[in-house]
Amino acid sequence: MPCEMCGKAYSGCRPAMIDGVKMLLCPECMKYGTALKPSSQGSIHSNKPPLPGQLPRPRAQKDVFKQMGKELVSNWSKVIQETREKKGLTREELGFRIGERTVTISKLENGDLRPADKMIEKLEKELGIKLMEEVGEISVQSARSQNAGFTLGDFIKPEEE
Ligand SMILES: [Zn+2]
């Protein structure tokens, strides 16, 4: 803000009274007036309310990593059944191939039994399917780049599918 007395652009102009007129003065012109104390006068600048103190914090990184992982596809029972039928396998045959009982296969295909990790691996291998899907593609990247500025992750796009 320029000095209202000499017009010089000066960022540190302060309010002062000159002959009963309130003016913003640079330090040089201040000697011509009487400096005002904004806190005591209260009329120079309206007191701004304090900024809301709490900015939203970025999520803790451990939470981010916790949510990364794989999960069974939602229609896994259907996938198993359809793929088995496409391959012309009976439940008995599929069960025999992956070392599970026929009733287990039935339960899987009915959605009554959620396959354990080991069984998922065997089913995927035997049927050539994917029962697990990536979940929680949470912004690990952005969290990392926010903390560390530019990283390789800003330039390389992983997992373009
Ligand atoms: Zn001045």
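In what order do the elements of the protein chain run from the N terminus on?

## Overall make-up

The elements run β-β-β-α-α-β-α-α-α-α-β-α, and the secondary structure of the protein chain comes to seven helices and five strands; helices (H or I, at least four residues) and strands (E, at least two) are DSSP runs, numbered from the N terminus. This is a predicted model, in which local features need pLDDT of at least 70 and side-chain atom pairs count only at pLDDT 80 or more, while totals for chains, interfaces and linings use all residues. Residues are numbered from 1 along each chain as its sequence is written.

Of the 161 residues in the protein chain, 14% are buried, a residue being buried if 20 or more other C-beta atoms lie within 10 Å of its own, exposed if 12 or fewer, and partly exposed in between, with C-beta atoms placed from the backbone.

## The open sheet

Three strands, in the order S2-S1-S3, form an open sheet with antiparallel pairing, where two strands pair if DSSP finds at least two bridges between them. S2 and strand S3 (34-35) stand at the edges with a single partner strand each, so one side of each is left without a neighbour in the sheet.

S1 and S3 run antiparallel and are joined by two bridges, and methionine 17 stands opposite threonine 34 in S3.

## The loop at aspartate 19

Aspartate 19 lies in the loop between strand S1 (14-18) and strand S2 (21-25), and this residue is exposed, with 8 other C-beta atoms within 10 Å. Although aspartate 19 is not a glycine, its phi is positive, at about 50°. Most residues other than glycine have a negative phi.
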